[in-house]
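Notes follow in the order I looked things up.

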Amino acid sequence: MPSKYQTFDRSRLQIKPLSERQHDLHLDRWMDLDDEPPSYEHEQLAQVADRLHRAKSAGAARVLIMGAHVIRAGVNRHIIDLMERGFIDHVAMNGAGVIHDYELARIGATTESVDRYIRTGEFGLWRETGEINDWVTEAADLSLGLGENVGRRIHLSEFPHRPLSILAAAYRLSIPATIHVGIGYDITHEHPNCNAAAYGTSSYRDFLIFTHTLQRLERGCVLSFGSAIMAPEIYLKALSMCRNVAHQEGRVIKHFTTGVFDLVPLDGDTRRQAEKSDPRYYYRPWKTILVRTVADGGESYYVCGDHRVTFPHLYHAATSAPQNGQA
């Protein structure tokens, strides 16, 4: 029985080439590994770096969950190098992260002005970026994860800037890179070639791949950078699934470290959730990642600051001499 409501006819859309778009971010935004980041001090950075060392030594999960703004911060090379060194063995991002990763690899630029292009109805409707939809459909057809196939495609492409692609690096290193999509969230969903069923199939496979990784979280580490909703939600559900199975098998998943890196000022003890009268009670990275899921044996850290500053400092802390004698 068909819906009694009409749907928008996407065939009426005018799709323009990326060459006609004014890009807000260009290659000079992306930092080299030896670029000196702005000065920054936070006593917990060294502790987080130490926990990454311990998780690596234990062969436990080292998971980076990130919002798309982390790519826009220009720290791709730092992320990729941590993957190559074994400090990150799973990357999870949202659908916008795929778009920035793809555009950066293909044309060496990304990001458009919403304020400018929403006025004319051009926002998001760029021909080349719509290719991602074809790769998502292919992922579903081939029973691949969404992030896996986009990474594979960029890795095999002749895109001039593919060494900057986090997804391509993950595919090259056989590190899971999972994409956690909300339908209607991303500009690719505007395009006529968007196959919602393929997004559901491939992104849900990515969620199950992510959940499989969290089975190794005992003595491991989960870091959330700039993701206020996606990160705490997929982490919470996946952890519950893993603990359900572990409990049946007489195992525990409770001795691990979580870290949240974000811009929201959180004063006081971040290992205790805010009162319900405090609007910050509804900031899920705090109560979910820093408090509730580590309450029975884990530990958590909160680092406030710009990702362009905090990620390079964490990188240097992790790649310097091993922390506290950890190999």
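**A glycine out in the open**

I started at Gly268, which counts as exposed at 66% relative accessibility. For these notes, buried is under 20% relative accessible area, exposed is over 50%, and partly exposed is in between, with a 1.4 Å probe and protein chains only. Gly268 sits in the loop between strand S7 (257-262) and helix H11 (284-291). I also checked its distance to Leu13: the two are 255 residues apart along the chain, and their C-alpha atoms are separated by 51 Å.

**Ground rules**

This is a predicted model, so I keep in mind that local features need pLDDT of at least 70, that side-chain atom pairs count only at pLDDT 80 or more, and that totals for chains, interfaces and linings use all residues. Residues are numbered from 1 along each chain as its sequence is written, and side-chain values use heavy atoms, with hydrogens and water left out.

**Overall build**

I found twelve helices and eight strands in the protein. Helices (H or I, at least four residues) and strands (E, at least two) are DSSP runs, numbered from the N terminus. Along the principal axes, the C-alpha atoms fill a box of roughly 60 × 55 × 45 Å. The radius of gyration is 20 Å, which agrees with the value near 20 Å for a compact globule of 327 residues. That radius is taken over C-alpha atoms, and the globule rule is 2.2 Å times the number of residues to the power 0.38.

Of the 327 residues, 52% count as buried. I looked at contacts too (heavy atoms within 4.5 Å). Among those with a separation of 6 or more, 80% come from residues 24 or more positions apart.

**Cores**

What sits at the centre of the largest nonpolar core, going by who touches the most other members? Met66, Ile79, Met83 and Ile166 do, out of 57 residues. A nonpolar core here is a set of buried Ala, Val, Leu, Ile, Met, Phe, Trp, Tyr and Cys residues joined through side-chain atoms within 4.5 Å. Not counting residues up to four places away in sequence, Ile166 touches partners including Met66, Ile71, Ile79, Met83 and Asp101. Apart from that core lies another, of 30 residues, among them Ala231, Ile234, Ile253 and Tyr281. In soluble globular proteins, nonpolar side chains tend to be buried together.

Next I took helix H4 (residues 95-107). Its 13 residues reach 19 Å from first C-alpha to last, close to the 18 Å expected; the expected span is 1.5 Å times one less than the number of residues. H4 is mostly covered, with ten of its 13 residues buried. Gly108 follows H4 and has a positive phi, near 70°.

Asp81, in helix H3 (residues 76-84), is buried at 11% relative accessible area. Leaving aside neighbours within four places in sequence, Asp81 is in contact with Leu33 and Tyr315.

**Salt bridges**

How many salt bridges are there in the whole structure? The search finds 21, each a side-chain nitrogen of Lys or Arg within 4 Å of a carboxyl oxygen of Asp or Glu.

- Glu138 pairs with Arg153, with the closest N and O atoms 2.9 Å apart. Glu138 lies in helix H6 (residues 131-141) and Arg153 in helix H7 (residues 146-156), so the pair ties together parts 15 residues apart in sequence. Arg153 is partly exposed at 33%.
- Glu233 meets Lys237 at 2.2 Å, N to O. Both lie in helix H10 (residues 230-248), four residues apart, about one turn of the helix. Lys237 is partly exposed at 40%.
- Asp278 meets Arg280 at 2.9 Å, N to O. Asp278 is buried at 19%, while Arg280 is partly exposed at 24%.

Bridges that share partners join Asp50, Arg51, Arg54 and Glu299 into one network.

**Positive phi, not glycine**

Ser174 has phi near 55°, sits in the loop between helix H8 (166-173) and strand S5 (177-180), and is exposed at 66%. Arg219 has phi near 70°, sits in the loop between helix H9 (196-214) and strand S6 (221-225), and is exposed at 57%.
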